[in-house]
Amino acid sequence: MPQLLSKSKYLSGLQCPKLLWTMINQPGSMPAVDTVTQFVFDQGHLVGEYARQLFPDGIDIPQDDFMGNIFAAKKLLAARKPLFEAGILSGKIYSRVDILNPVNEDEWEIVEMKSSTSVKDVHIDDVAFQKCCCEKAGLKIRTCKLGFINNQYVKNGEIDPQELFLLEDISTRVEEAGGSIEERVYDLLEVISSRTCPEVIIGQHCLEPYECALRAECWAFLPENSIFDLRGGKTKRFSLYQQGIMSIKDIPDDTPLSRQQQIQRECVITGNTHVDKEEIRLFLDTLKYPLYYLDFETIAPAIPIYDGMRPYQATPFQFSLHIVENDESNPAHHSFLAEETEDPRPRILYQLQSLLGSEGSIIAYHAGFEEGVLRELVEAFPEYTDWLRGILARMVDLLSPFSNFHYYHASQKDTASLKKVLSAMTGKGYEEMSIGDGMDASIAYARITYGSATDEEIARVRADLIEYCKLDTEGMIWVVDELKRLSN
Ligand code: SF4
């Protein structure tokens, strides 16, 4: 069979011909799909299953046999029923349509279902390619629609697909995008058949609409402390790059930089750490004992799990809390990790109410996130409304001295994340841990709770989760201790 241009390859080719060429001609050079990407795919499949309920008389065409799917789709067109996953092949282009819905006597509607919460430009290109495929195969396409998640939907009992999804008619936008599609398809087929990989210099296209899977390879030539580690201003980074400036230390003196960027440049050139003692003291003065160091781990599934939950709502399944009574005392650790599929929210609120007391600072890193989680918990359980008011008044954001560059070390690069700050200040890190960040934690929890993990795996992952979340709050204590030391 000649090399085909499928929908996903077409979209990759629009992002970058080098990416497309490598996918087809050197598939072994493509990095394996990581757990986060796999998780996103799995969510997409689940969303697709609910979407099919919008078309109860639809026919599901098996996808395991490539040509079998195409032949079956061709045959089933005569049934004039909604078809799920109909493979359409025309010449060298191929697409599988999420839902091909019959309209009028002999026309069809393309319905593409996405797990996003709005229509994006890349979706228009996606559907334009499907329409091109269908029309070349002789189908009359009347309309094109995009189905996406209604993020205002609130689960109440069984999931209601009619409420969960919004369908938008995108026919006009698809028509406009389709104007030059044949030319683009021709160009990309040329790329595929070329013996050599196209030369493409790095640019904004490496990051949009998706971060390219080959980024690590293509960007590997950049030096340590490259201009892409500058805080803020994507446009400035690329503009410096286009001027031939690769390293922060090579940025000319007369280049307009923000205060933060100037501090970065200074730290890279001198090798010093930037410390603003006065500002750090002012921050530390806001802390009132007892100190409560709080961190949530959350899941944010596309399909809400519990009643009162919206799609993608960050919902806690775990917390870690360290309490330091006074300047002299050792921290006391408390933690919670949900068990099985029971809704953990009532127990989390109940435990926090008894642990957080009525006075003292509640310290979180990026506290806006913890505050948001608490607000949404209380939205679902309004009996805690008065308690929450008192809690929010005591919250302190430990990110603040770092996002404001009152402390900066060049190893942080362009981030003030706890992991980078902790490592810069104390040399301690998360490298040895099986769970290395919040996304890992969320995926691991979803796998042991809603997947088919063995008892042994569940026990191991639970221990890892507890250890990971504990380090987040313990790490905050170390950071505050270090700030105290630096401020003297
Ligand atoms: S990293 Fe950038 S240049 Fe390299 S293949 Fe991807 S999009 Fe193209």
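1. Helices α1 and α8 are roughly perpendicular to each other, a label given to angles of 65 to 115 degrees, whereas angles under 35 degrees count as roughly parallel, those over 145 as roughly antiparallel, and the rest as oblique. Their axes come within 10 Å and cross at roughly 90°. Axes here are lines fitted to C-alpha atoms, for helices over the stretch in contact, and angles run from 0 to 180 degrees between N-to-C directions. Helices (H or I, at least four residues) and strands (E, at least two) are DSSP runs, numbered from the N terminus.

2. The model is predicted: local features need pLDDT of at least 70, side-chain atom pairs count only at pLDDT 80 or more, and totals for chains, interfaces and linings use all residues. Residue numbers start from 1 along each chain as its sequence is written.

3. In the packing of α1 on α8, Tyr 10, Gly 13 and Leu 14 of α1 meet Arg 184, Val 185, Leu 188 and Val 191 of α8. Two residues are in contact if their C-beta atoms, placed from the backbone, lie within 7 Å. This contact comprises 5 nonpolar, 1 polar and 1 charged residues. In this classification Ala, Val, Leu, Ile, Met, Phe, Trp, Tyr, Cys and Pro are nonpolar, Asp, Glu, Lys and Arg are charged, and the others, Gly among them, are polar.

4. Helix α1 (residues 7-15) also packs against α2, with axes 5 Å apart and an angle of about 140°. That angle makes α1 oblique to α2. On the α1 side the contact involves Lys 9, Ser 12, Gly 13 and Gln 15, and on the α2 side Pro 17, Leu 19, Leu 20, Met 23 and Ile 24. By class, there are 5 nonpolar, 3 polar and 1 charged residues in the contact of α1 with α2.

5. Which residues surround the ligand? They are Gln 15, Cys 16, Lys 18, Leu 19, Val 200, Ile 202, His 205, Cys 206, Cys 212, Leu 214, Arg 215 and Cys 218; a residue is near a molecule or strand if its C-beta atom, placed from the backbone, lies within 6 Å of it. Two or more residues of this shell are given by each of the elements α2 (17-25) and α9 (215-218). The shell divides into 8 nonpolar, 2 polar and 2 charged residues.

6. His 205, one of the residues around the ligand, is found in the loop between α8 (181-193) and α9. His 205 counts as partly exposed because it has 15 C-beta neighbours inside 10 Å. A residue is buried if 20 or more other C-beta atoms lie within 10 Å of its own, exposed if 12 or fewer, and partly exposed in between, with C-beta atoms placed from the backbone. Beyond its neighbours within four places in sequence, His 205 is in contact with Gln 15 and Cys 16. The C-alpha atoms of His 205 and Cys 16 are separated by 7.0 Å, although the two residues are 189 residues apart along the chain.

7. The chain is assigned domain 1 (5-193), domain 2 (224-271) and domain 3 (279-487); these bounds come from an automatic or database domain assignment. The centres of domain 1 and domain 3, taken over C-alpha atoms, are 39 Å apart.

8. Most residues other than glycine have a negative phi, and most peptide bonds are trans. The peptide bond from Glu 208 to Pro 209 is cis, with omega near 0°, and Pro 209 lies in the loop between α8 and α9. Another cis peptide bond joins Tyr 289 and Pro 290, with omega about -5°; Pro 290 is in the loop between α12 (277-285) and β9 (291-299).

9. Is Glu 85 buried or exposed? Glu 85 is buried, with 20 other C-beta atoms within 10 Å. Glu 85 lies in strand β3 and has a positive phi of about 60° although it is not a glycine. Arg 80, in the loop between α4 (66-76) and β3 (83-90), has a positive phi of about 50°. With 13 C-beta neighbours inside 10 Å, Arg 80 counts as partly exposed.
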